[in-house]
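Dear colleague,

Please find below the structure that I am handing over to you. I would be grateful if you could look through it before reading my notes.

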Amino acid sequence: MALALLLSAGCSYSVNGDALPQAGITPTTASAEPAGEPKIAKARTVVGVEPCSLLTAADLKGIGPFKKDPARKDDVIQESCQYVLDDGSQAGRTVVAALYQKYEQVRTRQAKGREVVVDGHSTWVLCELSGGEMACTATLAVNANRSVLVAMAQAGGVPEQMLAAMQPLLKAALNRLPIA
């Protein structure tokens, strides 16, 4: 069920509290409708990129080893990959990475989210509790028309901790995209 919520990514999530800033992460002032174009330090291309290559077992080792092999989930979100990790829980923790749509579309649709800057790129973050599972998404602008989505679901998850765990994943995915 959380995967359906997580993979829908079209739902509106709200952030409960503020994520703890980390090196390379710059919070921006929150507003209902951020103005202007997203910040893009170095435009990247997604052409020819395999979604399941965005994250590796080494990137995800802080969460846990693969519970099952990464798998494309294009039937739920185009150009996406699902990673199910063994975090010690029965269900495991789900992480999704996707070559995603235009940043502004996400920002408009998920109006309750907020913007942070990751390595010079605007990133829209939001979390929502559904039953006992927390689902958090972070959408990082990579060029004028595309973004990279990293999402995570966890039973009893704490948004601040989940977003902190997702920040190195965003950087890893960004660094695997070729410069445009």
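The model is a predicted one, in which local features need pLDDT of at least 70 and side-chain atom pairs count only at pLDDT 80 or more, while totals for chains, interfaces and linings use all residues. Residues are numbered from 1 along each chain as its sequence is written, and side-chain values use heavy atoms, with hydrogens and water left out.

I begin with the disulfides. If a disulfide is taken as a pair of cysteine sulfur atoms within 2.5 Å, the count comes to two. One of them joins Cys52 to Cys81, with an S to S distance of 2.1 Å. This pair links distant parts of the chain, 29 residues apart: Cys52 lies in the loop between strand E1 (25-27) and H2, and Cys81 lies in strand E3. Helices (H or I, at least four residues) and strands (E, at least two) are here DSSP runs, numbered from the N terminus. The torsion about the S-S bond of Cys52 and Cys81 is about 100°, so this disulfide is right-handed.

For accessibility, buried means under 20% relative accessible area, exposed over 50%, and partly exposed in between, with a 1.4 Å probe and protein chains only. Cys52 is partly exposed because its relative accessibility is 21%, whereas Cys81 is buried at 0%.

The other disulfide joins Cys127 to Cys136, with 2.0 Å from S to S. Its S-S torsion is about 115°, so the disulfide of Cys127 and Cys136 is right-handed. Cys127 has 0% relative accessibility and therefore counts as buried; Cys136, at 0%, is likewise buried. With bonded cysteines counted along the chain, the disulfides follow the pattern 1-2, 3-4.

Next come the aromatic rings. Rings of Phe, Tyr and Trp (its six-membered ring) pair if their centres lie within 6.5 Å; planes under 30 degrees apart count as stacked, over 60 as edge-to-face and the rest as tilted. The structure holds one such pair. Phe66 and Tyr83 form it, and they are stacked, at 6.2 Å centre to centre with 25° between the planes. The two residues are 17 apart and link distant parts of the chain, Phe66 being in strand E2 (residues 66-72) and Tyr83 in strand E3 (residues 80-85). Phe66 is partly exposed, at 30% relative accessible area, while Tyr83 is buried at 0%.

Ala57 belongs to helix H2 (residues 57-60) and is partly exposed, with 42% relative accessibility. Ala153, in strand E8 (residues 147-155), is buried at 3%. Between Ala153 and Met134 there are 5.5 Å from C-alpha to C-alpha, although they are 19 residues apart in sequence.

Finally, I turn to helix H4. Its 17 residues (159-175) reach 24 Å from the first C-alpha to the last, close to the 24 Å expected at 1.5 Å a residue, where the expected span is 1.5 Å times one less than the number of residues. H4 has a kink of about 25° at Met166, shortly before the proline Pro168; the bend at a residue is the angle between axes fitted to the seven residues ending there and the seven starting there. Met166 is one of the buried residues of H4, which also include Leu163, Gln167 and Leu170.

Yours sincerely
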